[in-house]
Amino acid sequence: MATPSDRSPIRRRSLFKVAGLGAAGAAGLPILAACGDIESGDGAAQATEGFDFLPTYKEYELPVQPDLVGEPPNHPSGFTTYPEPAPAITTAAEGKGEYEITVAMWGSPPAGDDPYFATLQEAWGGTKINLRQADGNTFADTSVQWLAANEFGDGINIFAWMLYAHPNFQETVVNTFYDLTDIIKGDISERWPLLAGEPTNSWGQSVWSTDPEDPETARVFGIPSNFSGGPGNGVFVRTDLLEDAGLAMPTTVEEVLEVARAWSDDANGKWAFLNLDYVSPEWFGLASGDGWAYIDGKLVHNCERPEYTEWLEFRRTCWDEKLVHPDTPTGTLDGHVLHVDGTILMSQDGMSWWSDYSNQVKTGTAEGAIEPIGAIGFNGRKPIRFVNFSVDGWTFLSKDLTEDQVKEILDVANFCSAPYGTTEYELLNYGVEGTHFEYGDDGIPVFTEAGTGTVQAPVNLKTFSGQVEVFLTGDPDFVQRKFEYNASVKDFAEVNIWEGMRVEGPADYKSAAQTLLDQQADIAFGRAELSTIPDMVATFLENGGEAAREHYTAAYDKLHGDK
Amino acid sequence: MAALQTSAPPAAEKPAKRTSLRRRRSIGQRLRHDWPLLLMTLPALAQLAVFFYWPSSWNIIAFMDYKTYRPFWENQFVGVDWFLRLFDNPYFLPALLNTLKYSFANLLFLFPLSIVLALLMHSVVSTKLRSVFQSIVYLPYFFSWVLVVTVFVQVLGSDGLVSNWLLGFGGERLDIMSDPSTFTFLAWLQWAWKDAGWGMIIFLAALASINPSLYEAAAVDGANRWRRMWHITLPGIRPVIVLLLILHIGGILNVGFEQYQLQRDAIGYQTTEVLDTFVYYRSVIGTEGPSFGTAAGLFKGVIGLVLVLVANNVAHRLGEQGIYQKS
């Protein structure tokens, strides 16, 4: 979309500019240009592979092999036993620095003086990492301002899904974070063997360019977190409630609707769903991420496809028939609480909710069981299942650090990359034996109350750096169930048409997409009619969607070769 | 006679001489004389400079294509492009209209409520009862909007206390928390619960300044309760009413942010988009950048200043004091 400057004729601006220049002059400020056009974010297309400046991959020999062998990345291998941990790092690094890293936190943050942190500090060589833990629910939005103000301590851990909140992350990265390239390129296996063992693909996804059009300006700016693969989210069903009602796990979208109708009872405060916004699009074959699919030789946005209307019809039906909790639009409800107390039957959530719920059942704070719905389709179409395409996130370091400080922090990152079966992994993921966990009868660590509060928190140093390989671990029964689930959906995994490239849409497109999201919610919650969809789509395309198609098409052609 | 005329009365001459002497005091003399007073104003001046005038000077970026990561002097001046972009934005006018709608609703329905509450409170004789009532009404002012909205969802939500009570009697669930058509009423309920107590306190302070002997004299003259209120109470607090009214008019484009942002998902963006949420979604977390948001803020500030000056002028013409005493 053209910027307003392009749209606005000069005659309209010229008169007013006098006022602006006058104000500048009065303020005694330099005027470097007579007047300039406003620069809008034009978007970016960043290659994430084919670089010669990444760490040279050197396979890290796992101390123990998994007993459940999958097909990573979408079907990770798993352990149903707990091996005797072996040290991954023979000579601990030495560090005396103290650094503050900002991380997201869901729930109550643990105290910084917990022995967990002191023990870790000693184990990795003395470097002190203070976590500045901020509310994960608002982290994405607020991190935009922290980065703009350069107030995030010495580093910040950002999840990949949070990038949507950043209007121009490309610009932010290259202006705010430390360029790691010269430190980590080539063979780093001597000092950081675990970082060298991280997949090259993960390091490739940590590259941004100061000028995306110029491949020579590409540099490594982030320490990659895990590359988990497989589904990242799901719709979880309370299988015990399903059985009590004599209903079966749905295997199609139509069955989901039947089950929801049979189970919901508005008068008695029972509803099938809380929200359906970010997982259910896959049931209708829509695209994940920015919503572009390559169909019949061109890129098509979700909202232009007939499946989009079907999806919104489905959501509207669920709302009109009172299958959705009536206070869902307020956004004030705690979905976990409602799922545990049986107010809602199905809950969309991250895959970690599955293991969290299972743990709650074990500790007696929840009853029954939950299972994610598999790959299901609508109207007989082949289902797809959204899966993780990228690393989970990155730890970015401040550009104000010195090279020695960065190397010291990389020592810590190296420690955090230790895989399952190592003493480093055990300490990082379970804490101190006797304080944070005890070995169960089957030899698998079980968290104590202190461990649940401190170590089991969803985010802390565990996401600081990615492990050399990610496995399914924990309760053997749960590992088995998740392994089988991943096996059942892996063949339906959505194909990533952007493999090898990270595309960021233009600013106007992002703005138009936000409006589209608002309008979707209006239809889903009965505030607008389905008949308004064509107008919605037209507005979206006019205000940035159509221009974005050109941007994405150019990136697609570059990635796949001109068609 | 001539002698009498040349010898001016000493009483008339002396004050004139004193006035003349005062005028001749140099700045240095004044500083030496007033330095303790000036010293006491320094913290306030420093606070104003750091937290008001310095940030206000950054309004200049409304006329620049400002980028956070660029050195300040490299940002080009673009005249009023950002203002034109603001007015061109298809969502600006609806946001402005919503802002005006809620602001006028607040002015019409909440402002008088605070006065009524203050009058009611003033009429309560029991000090203890007045203190309890005052605390109950005033307390919600200290609640955050997050808490206010959450309480409203718990009470008036579709799965809230009232809805479940109605269901028990065979009624229907309320949908006031997600119905755009009744949002102005909902907003008024929330203002009334949260803010009416604060307004009441200010009017109570004004009521306390009215001389009680006026009421006694009026009562002796046979004035009933209504006539005493009409002829003593309301005229007594009229300057405060006018002052607050003018300030309220000046802030007509400032309806707040959290109340609307928190209920955006529930009510829909068309109904809850006000200027502050518009700026938040387009500039703060949106793609338009800081210059766009600053332009919107400057627009609000200029409109507010003009409205305050106009309202104050009208107040002066009507014989009221306004926000300052007209010399």
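Guide: We shall discuss domains, then a sheet, then a pair of helices. The model is a predicted one.

Visitor: How is chain A divided into domains?
Guide: Domain 1 of chain A covers 55–230 + 390–489, and domain 2 covers 233–386 + 505–560. Their centres, taken over C-alpha atoms, are separated by 30 Å.

Visitor: How many residues are in contact between domain 1 and domain 2 of chain A?
Guide: Nine residues of domain 1 of chain A are in contact with 10 residues of domain 2 of chain A. On the domain 1 side, five are nonpolar, two polar and two charged.

Visitor: Now the sheet. What is the strand order in the open sheet of chain A?
Guide: Its five strands follow the order β3-β2-β4-β14-β7 in chain A, with mixed pairing. β3 (128–135) and β7 (222–224) of chain A each have a single partner strand, so one side of each lacks a neighbour in the sheet.

Visitor: Which helices pack on it?
Guide: Helix α4 (residues 136–149) of chain A touches β2, β3 and β4 of chain A. Helix α14 (residues 403–416) of chain A also packs on the sheet, and its direction makes about 155° with that of β14(A).

Visitor: And over in chain B, how do α15 and α16 cross?
Guide: The axes of α15 (residues 275–284) and α16 (residues 290–317) of chain B come within 8 Å and cross at roughly 165°. α15(B) and α16(B) are therefore roughly antiparallel to each other. The residues of the contact between α15(B) and α16(B) divide into six nonpolar, two polar and two charged.

Visitor: Is that crossing left-handed or right-handed?
Guide: The crossing of α15(B) and α16(B) is right-handed.

How values were computed: Residues are numbered from 1 along each chain as its sequence is written. Chains are lettered from A and ligands numbered from 1 in the order in which they are written. This is a predicted model: local features need pLDDT of at least 70, side-chain atom pairs count only at pLDDT 80 or more; totals for chains, interfaces and linings use all residues. Domain bounds come from an automatic or database domain assignment. Two residues are in contact if their C-beta atoms, placed from the backbone, lie within 7 Å. Ala, Val, Leu, Ile, Met, Phe, Trp, Tyr, Cys and Pro count as nonpolar, Asp, Glu, Lys and Arg as charged, and the others, Gly among them, as polar. Axes are lines fitted to C-alpha atoms, for helices over the stretch in contact, and angles run from 0 to 180 degrees between N-to-C directions. Helices (H or I, at least four residues) and strands (E, at least two) are DSSP runs, numbered from the N terminus. Angles under 35 degrees count as roughly parallel, over 145 as roughly antiparallel, 65 to 115 as roughly perpendicular and the rest as oblique. A crossing is left-handed if the near helix is turned anticlockwise from the far one by less than a right angle, and right-handed if clockwise. Two strands pair if DSSP finds at least two bridges between them.
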